[in-house]
Amino acid sequence: MMLRHDRLRGAFAELVKTPNSAVGAAIVVFWILVAVAAPVIAPYTPTEMHDARLEGPSLKHWLGTDHLARDVMSRLFWGTRTVVALAPLSVLLGILLAAPLGLVSGYVGGRLDTLIMRGVDILMSFPTLLIYILIITSFGPSVIVVVISIALGSIPPIARIVRSLVMDVRSKDYVSAARLRGERRRFILLREILPNVSGPIVVDATIRIGYAIMAIGALGFLGLGIPPPTPDWGGMINEGRPWIFAMPWTVLAPAAALSSMVVGLNLFADGMRENAQLR
Amino acid sequence: MTAFLLNRLGTMLMTMLVISMLVFFIAEVVPVDPARSALGPYAPQEAVDDLRDRMGLDRPAAVRYFDWITGILEGDFGESIHYQRPVGDLVAVRVQRSLALAGLGFVFMMPLGLALGCIAGITENRLPDRIISLISSIFVSVPSFASGIFLIVIFSLWLGWFPGVSMPDPDAGIFDAAKKLILPVLVLALDEIGYLARMTRVSMAEVMHSDYIRTAVLKGISRWQVIWRHALRNALIAPFTAIMLHVNWLIGGVLVVEVLFNYPGLGRLLLDAAMRNDITLLMGGTLVLTFVAVATQVLADIGLYFMNPRIRFERAAR
């Protein structure tokens, strides 16, 4: 247990060595802390209505109030929770759905591989945002539908990456050894291959969380995201847009928060990738 | 050659067939009562029954799909529930506007993205590369709706240079029209420039490390000659493919930009259709937009085939 802990710490120390990934990690950690501490640091509850609507920044409301007289800063802080919880969740779901496809396709090969990859190619040529819109229109916007549609949209690229990783590992000696030992296919896939391809999958997942944040934001912006009054950065931009010229802060704040989060994640992922390549 | 073209066209038809089934399934089979959801919960039952009748919802799904798809092959996309006009007519007008927007975005982003990427690739790990790489990382990470908000606030609110909405005005002169399009086109281009620059950088750096470039340098050719005559052509193949395969991302960008600037293109039409549960319009528009995406990818593939002799001979040898 001790050993494992040290290894983890070593890996983290190495990650933070490159300045870009350190900055990225700092940004991401900052927003995670905001999400955790939202009830403590937010001055008001996110749905509480105050006296004045569309009021500029003041001591009482640092980022002003929105069109329903709600405190923008409180909504911003609480909205962090939506993003921090839902984006990783949808990526995780996407990996759980796509990884088996990629594993089987890459390891078994042959007709099954051709069939799965044909399907993946076809889905890849379907514009992702249109898939989301279609699914959300049919099922109605809700947290679960948003998460599931983003997960479904990420299946083709994840399956493809997992497949190519598996194909690299498939012909390694330890896999042949396991095969010669007479291990079952399931054992080889889960115990020999999966642990050895999981590193790159994690790096890819980090980038994908960034995409998921953008997708949740875009859906909120289009009015198809998490239904109101739950605070959500994309939804805040959508609601504040008609008043952008009168009260730019109500839209600038969530737009900047969302951008900084994705920038942080991508810087962090870049660092991870560079590290993986150097080794 | 003919075999290659036929293969591509076959794949394209297959793709469109599967996608049309998917679209039909998600949009019309999944909702229990598409007529009710199109008209909303407060519509009288007679109106819903009437619409059910017109949509032919009593027939089995397979028959409905077959009717829908054969209609489309004859150019009949059905009638929009909300606008009560043929979907084909509505979409035709809008798709032109969206293509114009996307085309302008392309004209803007290609030279900039490629040039930035080339500079970064040539100066790999030195200062210009560091700066360009950081900027493109940021551009890649900022979603188009956010960068659009930033640009609107900076250029229309604070500086007052360009309008923040882009409703085209048929009576406006070219100058006014251009002024309205600058911000949307810029947002669209920013969305892709980072990605394009990153792709080009990697590809350029790879080419610069290759043996044939070393040979050229050792022959004593000037640096610019090496880059211009030897490296560029090979280095640009990868980003060209990458950007064509990225057309789905571009479509997402177009949709967001159209909504952000109130530009009446296909993206906004689709979103309005989604908001109003106008299923026939949503299905038709989605199919057209997906067709544009798939066709672009096929064209890119064919273009690549002619650009890159390696692919040509590899296939011939097989």
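Chain B has a mean pLDDT of 83, and 92% of its residues score at least 70; pLDDT here is the predictor's confidence in each residue, on a scale from 0 to 100. Within chain B, helix α14 (residues 309–317) has the lowest mean among the elements, 60, while α12(B) has the highest, 90. Helices, by the way, are DSSP runs of H or I with at least four residues, strands are E runs of at least two, and both are numbered from the N terminus.

Chain A averages 85, and again 92% of the residues reach 70 or more. Its confidence is lowest in helix α1 (residues 2–17), with a mean of 60, and highest in helix α6 (residues 143–170), with 92. For the model overall, the scores are ipTM 0.83 and pTM 0.86.

A word on the ground rules, friends. This is a predicted model, in which local features need pLDDT of at least 70 and side-chain atom pairs count only at pLDDT 80 or more, while totals for chains, interfaces and linings use all residues. Residues are numbered from 1 along each chain as its sequence is written, chains are lettered from A and ligands numbered from 1 in the order in which they are written, and side-chain values use heavy atoms, with hydrogens and water left out.

Now to the build of chain B. How many helices and strands does chain B have? There are 14 helices and zero strands. The C-alpha atoms fill a box of roughly 85 × 60 × 35 Å along the principal axes. Of the 318 residues of chain B, 49% count as buried, where buried means under 20% relative accessible area, exposed over 50%, and partly exposed in between, using a 1.4 Å probe and protein chains only. Take the contacts in chain B between residues at least 6 apart in sequence: 73% of them join residues at least 24 apart, a contact being heavy atoms within 4.5 Å.

Let's zoom in on one helix, α6 of chain B, residues 127–141. Buried in α6(B) are D129(B), I132(B), S136(B), S137(B), V140(B) and S141(B). They cover an arc of only 160° around the axis, so they sit on the same side of α6(B); that arc is taken from the directions from the helix axis to the C-beta atoms. On the other side, L127(B) and R130(B) are exposed.

One of those buried residues, S136(B), has a relative accessible area of 5%. Leaving aside neighbours within four places in sequence, S136(B) is in contact with G194(B), A197(B) and R198(B).

R198(B) takes us to the other chain. Which residue does R198(B) pair with in a salt bridge? The partner is D270(A), with the closest N and O atoms 2.6 Å apart. A salt bridge means a side-chain nitrogen of Lys or Arg within 4 Å of a carboxyl oxygen of Asp or Glu, and the count between chain A and chain B is one.

The two chains bury about 3,800 Å² between them, 80% of it on carbon and sulfur atoms; buried area is the accessible area (1.4 Å probe) that two parts lose on being put together, summed over both. On the chain A side, I122(A), L134(A) and F245(A) lose the most area to chain B, together 15% of what that side buries. The contact takes 40 residues from chain A and 47 residues from chain B.

V256(B), in helix α11 (residues 247–260) of chain B, also reaches across. Not counting residues up to four places away in sequence, V256(B) touches L129(A), F221(A), S144(B) and F145(B). At 3% relative accessibility, V256(B) counts as buried.

In chain A, D204(A) pairs with R208(A), the closest N and O atoms being 2.9 Å apart. The two are four residues apart in helix α8 (residues 185–222) of chain A, so about one helical turn separates them, and both are buried.

In chain B, R8(B) pairs with D301(B), at 2.1 Å between the closest N and O atoms. That pair links distant parts of the chain, helix α1 (residues 2–29) and helix α13, 293 residues apart. R8(B) is buried at 19% relative accessible area, whereas D301(B) is partly exposed at 25%.
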